[in-house]
Amino acid sequence: MTTTILPGASRFSIGALARAGGVSVDAIRFYEREGLLPLPERTSGDHRRYPPRALDRLVFIRVGQGLGLRLDEIKELADACDQVPDCPVTHAVELLRGRIAAVERQLEELTGLRERLVHAVERMESRRDGGDFIADAVLPVSGAENDR
């Protein structure tokens, strides 16, 4: 899984790191630019070589994304974990609680959207006149759908 460039020095090439982490090479470059992955060592031929801990960081990024964290939140948490031997749980809990609150707001918005869609379908079905209907009578433009 790793690429050996010198005897005893095991490093990932960018392609090997991407494959091991389940991302594209472009994603690796992007994470570097955003400061999520530290800049790698370079060979004399200017090829990137990543230490094994880069894969750990990549897995950390992917887990954070899977939890719905924004990249800036993942970077903040990863940087905090780099400062202390044990990742600061309190900080992680705060970030995750914030994400839970955001998901709850999104659920409320989606529930409202679903209700508006159901209402629009019901209005369309009730105002069908031989298969045709007047769109503005069913789908109000002004947002005053309750006025009709």
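**Close-up views of a predicted model**

View 1. Pro-40 is buried, at a relative accessible area of 12% (buried means under 20% relative accessible area, with a 1.4 Å probe and protein chains only). The model is predicted: local features need pLDDT of at least 70, side-chain atom pairs count only at pLDDT 80 or more, and totals for chains, interfaces and linings use all residues. Residues are numbered from 1 along each chain as its sequence is written, and side-chain values use heavy atoms, with hydrogens and water left out. Pro-40 lies in the loop between H2 and strand S3 (41–42) (helices, H or I with at least four residues, and strands, E with at least two, are DSSP runs numbered from the N terminus). Leaving aside residues up to four places away in sequence, Pro-40 touches Glu-32, Arg-48, Arg-49 and Tyr-50 (contact: heavy atoms within 4.5 Å). From Pro-40 to Phe-12 the C-alpha to C-alpha distance is 9.6 Å, at a sequence separation of 28 residues.

**View 2. The largest nonpolar core.** This core has 18 residues, and Leu-17, Ile-28, Tyr-31 and Tyr-50 have the most contacts inside it. At least two of its residues come from each of helix H1 (14–21), helix H2 (25–33) and helix H3 (52–66). A nonpolar core is a set of buried Ala, Val, Leu, Ile, Met, Phe, Trp, Tyr and Cys residues joined through side-chain atoms within 4.5 Å. With residues up to four places away not counted, the contacts of Tyr-50 include Phe-12, Leu-17, Ile-28, Pro-38 and Pro-40.

**View 3. Helix H3.** H3 has 15 residues and reaches 22 Å from its first C-alpha to its last, close to the 21 Å expected at 1.5 Å a residue (the expected span is 1.5 Å times one less than the number of residues). Its buried residues are Ala-54, Leu-55, Arg-57, Leu-58, Ile-61 and Gly-64, and they pack against H1, H2 and H4.

**View 4. The largest pocket.** Its volume is about 180 Å³ (the space filled by probe spheres set on grid points joined across faces, edges and corners). On a 1 Å grid over the protein atoms alone, a pocket is an open set of points where a 1.4 Å probe fits, with protein on both sides within 12 Å along at least five of seven lines; lining residues have an atom within 4 Å of a point. H3 gives the most to the lining, with 5 residues, and helix H4 (71–83) supplies at least two. Among the lining residues are Pro-38, Arg-57, Phe-60 and Cys-81. By class, the lining has 6 nonpolar, no polar and 4 charged residues (Ala, Val, Leu, Ile, Met, Phe, Trp, Tyr, Cys and Pro count as nonpolar, Asp, Glu, Lys and Arg as charged, the others as polar).

Terms used: Buried means under 20% relative accessible area, exposed over 50%, partly exposed in between (1.4 Å probe, protein chains only).
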